[in-house]
Amino acid sequence: MDVEGPLRERLVDAGVELVLSEGTASVGLREIARRAGVSHGAPRRYFPTHRALLSAIARRGFEELGARSAAATAGAAVPRDELAALGRVYVTYALERRGMFELMFRHDLLDSGEQSETPDGPRLREATLPIFQRVTELVARCRAQSLEPSAAVTAAALWANLHGIAQLWSWGSLQLALCGEGSDSHDRLIEAALDAHLGPMAS
């Protein structure tokens, strides 16, 4: 029986629960150990640094977001429709898993370089870059342009727009600005972002 693997997963499970309930700032090796029911030194065997622990937790978030994205876009045959589906998944995930979402893109806190701090680290580049590359490919297909550099810049601007929608909606700022526009306003904002970066759809 692999005891080491399950213990590592228990520690990550505890970290995910802590991030979701109390936010990134609350995550520490001692608190993770307490919640997992192990000695305070046990997490060091798997996560030699706080950064390594946060990275393992963030990797879970990218796996969740990737699974949701794949399910949402499974039937999309048109690039624009797939981008819209990805945008809705992105914003919905941010609203439902707020603490995780805030952690996932804090690459100043995570091991996101080509070499992680530990040989068997979470390799966040492998989780994050394919998402952006897919958005870039879809943008290129929508605008009939080559992948580099203009499609990548447009994709980055669209991503920043979607991230801003997610963050400002979670803070209540957009609801205030759009008072009376209805609960589906963030879906309309996603469509507006696509129109802004890709041009409006032909009628």
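User: How many salt bridges does the structure hold?

Analyst: The general idea comes first: a salt bridge is a side-chain nitrogen of Lys or Arg within 4 Å of a carboxyl oxygen of Asp or Glu. The structure holds 14 of them. Keep in mind that this is a predicted model, where local features need pLDDT of at least 70 and side-chain atom pairs count only at pLDDT 80 or more, while totals for chains, interfaces and linings use all residues. Residues are numbered from 1 along each chain as its sequence is written, and side-chain values use heavy atoms, with hydrogens and water left out.

User: OK, and what is the secondary structure of the chain?

Analyst: Helices (H or I, at least four residues) and strands (E, at least two) are DSSP runs, numbered from the N terminus. Here you get 9 helices and 0 strands. Going along the sequence, the pattern reads α-α-α-α-α-α-α-α-α.

User: Which residue forms a salt bridge with Glu31, and where do the two lie?

Analyst: That's Arg35, and the closest N and O atoms are 3.0 Å apart. Arg35 and Glu31 both lie in helix α2 (residues 29–36), 4 residues apart, which is about one turn of the helix.

User: Which salt bridges link distant parts of the chain?

Analyst: Let's take two. Arg97 and Glu64 meet through their side chains at 2.8 Å, N to O. Arg97 sits in the loop between α4 and α5 (98–104), while Glu64 is in helix α3 (residues 50–73), 33 residues apart. Then there's Glu82 with Arg134, at 3.0 Å, N to O. Glu82 belongs to helix α4 and Arg134 to helix α6 (residues 124–143), 52 residues apart. Glu82 counts as buried because its relative accessibility is 9%, whereas Arg134 is partly exposed at 28%.

User: Which residues are linked in a network of salt bridges?

Analyst: Arg8, Glu9, Asp13 and Arg60 are linked that way.

User: Now for helix packing: how do α4 and α9 cross?

Analyst: The axes of α4 (residues 79–96) and α9 (residues 185–198) come within 10 Å and cross at roughly 135°. Angles under 35 degrees count as roughly parallel, over 145 as roughly antiparallel, 65 to 115 as roughly perpendicular, and the rest as oblique. That's why α4 and α9 are oblique to each other.

User: Which residues of α4 and α9 meet?

Analyst: Contact means heavy atoms within 4.5 Å. On the α4 side, the residues include Leu83, Ala84 and Val91, and on the α9 side they include Ile190, Glu191 and Leu194.

User: Is Leu194 buried or exposed, and what is it in contact with?

Analyst: Leu194 counts as buried because its relative accessibility is 2%. Leaving aside its neighbours within four places in sequence, Leu194 is in contact with Arg80, Leu83, Ala84, Leu158 and Gly199.

User: And how much of the chain is buried?

Analyst: Buried residues make up 42% of the 203 residues.

Conventions. Axes fitted to C-alpha atoms, helices over the stretch in contact; angles between N-to-C directions. Buried < 20%, exposed > 50% of the residue type's maximum accessible area, 1.4 Å probe, protein only.
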